[in-house]
Structures are given as C-alpha cells and as structure tokens.
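Have your viewer open and your selection tool ready. We will go from stop to stop, and at each one you will hear what to select and what is there.

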Amino acid sequence: MEIIEDDHDHSNKMGGSSLPPIGILLEKDVPAAATTTTVGILVSSGGNELCGGGCDDDISRDILQCVSHGSVSVCGGRPEMEDAVTIVQNLLPSSNNVRPRNHDHGGEVKYDFFGVYDGHGGSVVANLCCERLHKILVTETVSSNLDGIEWENVMVSCFEKMDREVSEKEVEIKSIKSQGSTAVVSLISKDKIIVANCGDSRAVLSRAGSPPIPLSQDHKFKPDRKDEMERIEAAGGTVINWNGFRVLGVLATSRCIGDRYLKPFVTSVPEVTITSRNESDEFLIFASDGLWDVMSNKMACQIARKCLEGKVARISSSLLDHTCNAAFAAAVLAEVAMARGSKDNISVVIVELKKLIQEVKLMVSMKIMEDDHDHDHHSKKDDVPAIPKVGILAYHGSMSVCGRRREMEDAITVIPGLLPSSNRNCPCDHDFDFFAVYDGHGGSAVANLCSEQLHKILVDEIQGSSNLDKIDWENVMVSCFLKMDGQVVSGKEVEDENIKSIGSTAVVALISKDKIIVANCGDSRAVLSRAGLPIPLSQDHKPDRIDERDRIEAAGGTVINWDGSRVLGVLATSRSIGDRYLKPYVISVPEVRIISPTESDEFLILASDGLWDVMSNKMACQIARKCLQGKVASISSSLLDHTCNAAFAAAVLAEVSMARGSKDNISVVVVQLKKLI
C-alpha cells in the first residue's frame, strides 16, 4: 500500500484496518468490495452484490437486511483519529450456531450489525470496541433463539462486558483509565431495528411522510436530560459548567464505555430502542457527534435523501449506481459537517433500507467543451468540478468550495482558445487558453468582476497586435491588471457601497503549445509539475516578504503583525486588485513569468491560498499526479478516465485541504499538459 502522508502521524481505525486520514490509497492496492480511502475520507460501501466482513461464503448471495450501506470517517479538525466504525453483514445467526453448511436459511431471521464508536482521551477504547463488541454480542446470543431474545437485556449485558474488558486492559495500557468511547450500535433484520446507545453519538431513521425519527437520545446535559444530571448527583457526583456542562467538569457526555476514573458517575449502561420496520422506512444514519454538533436530524436526512435519490451532482455520473449511493451520501454529510465548522472527528454510516432511485439516470455534471472560443466557465459558487477539454492542448478540471467561510468569495474563469480573439484575423502559430483564480476579500464583488472582465480586457489589449508570437507579454499583463484595478477603484462597475474596502488576488495563466505565461497579484499561486518536481511559477505577495515590506515602507506605509503580518495591520497580502483604501501601499501590478514548455511538463495547478495555507507545493503535486495517473481509489472507477482525471484531482486537492483544517474558501484548477495514464 503506497500512502502519501501528511506531516502528522494520524490513524484512522475502521473495521480493524488502520489508514492515515489524510492520505491516498492507490487503486491497485484495493481489493474488490473492500474499504477504500480518498484523501482523508475512509469510505466503505456494501449492498446486494457486496458481502462485508463476517459473511460466510454460503450466505454471501443472500438478500441482505438493507439495500446498501456506506460509511465514511474523517479526522476533521482533530490532530488524531479517535473514531472507529464496524460493519458486519449477517452477524447473526452466528456461524458458531450448529447448522448444516448448506442449510436453507430462508425462514431464519438474519441481523446485520453497524457500530459507530467515538473515542476521547485517545483511540484505544474506540478501537477495542470496534474489534470486540460485536463478537461479545455473538457470544451472548450463541445458544439463543433470536426470535425470543430480550434484546434490551442482551445489549445491556454486552456493553457492560465490553466495559469490563476495557478496565482489564489497564494492566498493559496505563493510560486507558482516562480514556473512553461512546457507542451507538444497531442490529437490523427485515422486520426489526434494534439500537443501543451509550453517549452522544446518534441514530436517526428517515421514514417517508414523517419527520426524522431519532432512535437514540444523546447522553448530554441538555434541558431534556435532567434525568442524567439527577442520576450523577444521586451517585455523589456533580456536573460543572466548564466550557459546557461536564461530569466533574471533565467529560461532556454522561455515559460511555471506559473512563474508569469517572465511575460510578459515568455509566456504560446503554439505552435501547426496538423499532418495527415498515414500507415507508427509507434509510438510517448513524454518526458521531462531529456530525450532530453542526447539523440537525432534519438537515442530515434531507442531504442523505437527495444523495440516495441521485439528485446531487457528482464528479462522475456513474456514481448513480445503487451500490455506492449510500457511501456517497455518507461522504457528502461528512464534507458538509466540515464546511459548517465541525471541530471533531466525523464518522457517518448510511444504511439504505429501500431504493430511493428506481432507475439509473444519466446525470452529467461534467461538460466537455471542444475547440470553442466563446465558452467560459465561472465557478463562483458552484462546488461541482467542470471538465472542459482545453482547446487542442490538454484537459482541465476545477473545483471551488466555500469551506469553513460563510460566503464564497473566490471565482474561477476558464476559457479555451481565448486568443487569437474570434473577432479579428491575427496570424499566430498557436491558440492560447486562459485560466484564472480570483480570491476575494471583504466580499465577492471584486473577484466576480475580475472573473467577468479581466479576460475581456486582455482580448482588447492585444487587439491591435499584428502577431501574438511577438507580443511583450509582461507589459500586456501589467496593463490589463492596472485597467482591471481602475474599473474596480472607479466604482462604476460595482454596485456595492463598500467597494473601497473590497479586493481580490488574481493568478492568471495563458497556455499555448510553446508558452506558459503566468501573471500573479496576491497570494494565490501557480505551480508546474515537471518530471515529478514542483516548479513555482509565481511568488506569493505577502507583507513580510522583504522586497514587499521595503516597497510598502518606501510608500509611507507600515507592516504590522496582527494575527500575521498585514499592511497597516489589516490586509494579509501586499498586492491585490481593488482595496482602494489601502493604496498606494497595496498595488495591483502583477509579477509575470514566461516559460517554454518541455516534454517533461505534466500539469499545472492554480489555486487560492485556501489550498496553499495548509499544503506545500510538493504535496499538492504528489496528490494531483496520483489522481492523473489513475492510482487513487475513488468511489467510482470511471473517474480514472483521462477526460475527467483533472477534475478529480482538483476535487481531491480541495478535499484534502479541508481535512487539513483550511479555514478559507478553496479554489483549484488543474491543467493536464500531457497524459500520465
């Protein structure tokens, strides 16, 4: 298994396998119907054609108790992965039961097992629960008739035995006495849903025609859980408000497995619900509080339903296949939770109880644009990558995500064959394709205006040139940026009374077969991958760059360290378009670099600082290369097709950035200069 690591030693436990939450698992290492990971998201899927862990060969083709399932675990804003997930199809009846190998199980009740464990103080207890709790359950029921079992007693007994096993580990693991884990587990048969919950993870059922139905109740000190506070106080403990209500001022959940130092106040006894299934049941969501802290039951069910119905645009239309809709829904929920500011690990399991999409419909979220000169792509608020073919040069893909910001202030423009302009007859050996990333601040107005106008200004600027091959591109680019800045500063093009305090960075690339021209103003960045080595084609304009500081001070300004070096203590970039109130210290003059492509050039990455704040040039190029080589396991293998690998690479880079804690909008354009697959 080849992994691209980040700078931290993370672990992500799921079903007994350990993977870094920010890494890439190459497809050649992924067995069929196994767990895969995509850039910080550990994805597992299963369904009618899939047999998960714990299935015997003779029952692998049985009709399972759910249509499909999918799960995802992300490290999120935490430095360590402390969650764990277990999924075992056909756990019960156990293979330990005495029965002929070829026995007809048609009349036998079968149960699938799902468990989400959210550790705290470390990952040891969650991982132990992940490995052992379902096995304890098998042992507990091995001699029983499943139809006549008292499930509440069984679940309580299993949790208590699990808790004792954790305590017994203290001899070999000294720190375990201060570690614990919540647990929400479920057994699902064709007519029953049994949920046992201990802690603040949660199970929610979506039933058509009804509001979301919670199948568990959080063990937290909310107004509706006064019973938990009374139980703790009756045992001699106390609840202290220390950054939220906590047992003895320490633990924010009142029940869990482990945490021996907080007993008897914190108990491992679960609350158990048993729900009869009906034809209106759609799906179940099991998740750790990393999801529920930022999302209501209603919102989670709405998002999951849209995914399961195939109504969410995706990178690849083949993802509409019913065997992976649940995995996609789980991934989307995790991503939305991160975008909404979740600071915790996030683990989500989706269990599809009936098909919500009756027939696979082709939904194309990718638009292939051939050699057209008048197409443009503005990705101001879209989170869906586009995959136009770039003239006759290459393929590109782009992705813009709001991330943890409340407003999308980035914008992207991509125009294949922008030059020569279609309105004149100019001799030129090659077409020029145009790519740009604009990162706004103070609002989106300036970035959006640049996205609409800068390439048009460029066309007008070279209108009188007799031959593009002989143009002084540095002077042209400087002139275009200054004219764009003039439009913004004048305020005539923008209906925003705050326009004087709004600005945008800009990194622009013109690419032909014999030239790559990059103009940069601000802290967005362009990086070229050449024979596996990252080559920066722009240099960030930061106020603490020595030449930039000297320029600002020579103009009468100052650089103040206020949460980082800032011009007048305000702006963290020393060049931008707009920001009239900071002139002449902040200028719109770009730095321009012109290089000749070589046969070793592989791809170009243009991105806003939402990517570069958390990722080096080297890491970004490593990730993009693996995607372009088709060596990254994805939810859909069709993403490995060369026409969309660039878009997939852009999406992966954005996703890794969020997983690494980027707090900004993230916009990425990947331009593939030659086929790597």
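Here is a tour of selected parts of this structure.

**Before you start: colour by confidence**

Keep in mind that this is a predicted model. Colour the chain by pLDDT: the mean is 79, and 76% of the residues reach 70 or more. Now select residues 96-106, where the pLDDT is below 50; beyond near neighbours in sequence, this stretch has 15 contacts in the model. Residues 422-427 also have a pLDDT below 50, with 14 contacts beyond near neighbours in sequence.

**Stop 1: a buried cysteine**

Select helix α1, residues 124-141, and pick out Cys 130 within it. Is Cys 130 buried or exposed? Its relative accessibility is 3%, so Cys 130 counts as buried.

**Stop 2: the largest cavity**

The structure holds 2 cavities of 30 Å³ or more. For the largest cavity, select Val 166, Ser 167, Glu 170, Ile 176, Lys 177, Gly 258, Asp 259 and Arg 260, which line it. The space inside comes to about 40 Å³.

**Stop 3: a hairpin and its other neighbour**

Move on to strand β25, residues 525-530. Of the 6 residues in β25, 5 are buried. On one pairing, β25 runs antiparallel to β26, joined by 4 bridges. Show Arg 530 together with Leu 533, its bridge partner in β26. The hairpin of β25 and β26 has 2 residues between the strands, and in this hairpin Ala 531 takes a positive phi near 50°.

Which strand is joined to β25 by 6 bridges? That is β31, which also runs antiparallel to β25. To see one of these pairs, select Val 527 and its bridge partner in β31, Ile 605.

**Stop 4: helix α11**

Next, select residues 617-628, the 12 residues of helix α11. From first C-alpha to last, α11 reaches 16 Å, close to the 16 Å expected at 1.5 Å a residue. How many of its residues are buried? The count is 10 of 12, so to speak a mostly covered helix. Among the buried ones are Met 619, Cys 621, Ile 623, Cys 627 and Leu 628.

To see what covers them, show β25, β26 (533-536), β31 (601-607), α10 (609-612), α12 (645-659) and β32 (666-672): the buried residues of α11 pack against these elements. Following α11 comes Gly 630, with a positive phi near 75°.

**Stop 5: helix α12**

Now select α12, one of the packing partners of α11. The 15 residues of α12 reach 21 Å from first C-alpha to last, close to the 21 Å expected at 1.5 Å a residue. In α12, 15 of the 15 residues are buried. Just past the end of α12, Gly 661 has a positive phi of about 95°.

**Last stop: Val 670**

Finish in strand β32, at Val 670. Val 670 counts as buried because its relative accessibility is 0%. Ala 649 is 21 residues away in sequence, yet the C-alpha atoms of Val 670 and Ala 649 are 7.0 Å apart. Leaving aside residues up to four places away in sequence, Val 670 touches Tyr 395, His 396, Gly 397, Leu 604, Ile 605, Leu 628, Ala 646, Ala 649, Ala 650 and Leu 653. You have already met two of these contacts: Ile 605 as the bridge partner of Val 527, and Leu 628 as a buried residue of α11.

Definitions and conventions:
Residues are numbered from 1 along each chain as its sequence is written. This is a predicted model: local features need pLDDT of at least 70, side-chain atom pairs count only at pLDDT 80 or more; totals for chains, interfaces and linings use all residues. Side-chain values use heavy atoms; hydrogens and water are left out. The expected span of a helix is 1.5 Å times one less than its number of residues. Buried means under 20% relative accessible area, exposed over 50%, partly exposed in between (1.4 Å probe, protein chains only). Contact means heavy atoms within 4.5 Å. pLDDT is the predictor's confidence in each residue, from 0 to 100. Two strands pair if DSSP finds at least two bridges between them. On a 1 Å grid over the protein atoms alone, a cavity is a set of points where a 1.4 Å probe fits but cannot get out, and a pocket is an open set with protein on both sides within 12 Å along at least five of seven lines; lining residues have an atom within 4 Å of a point. Grid points are joined across faces, edges and corners, and a volume is the space filled by probe spheres set on the points.
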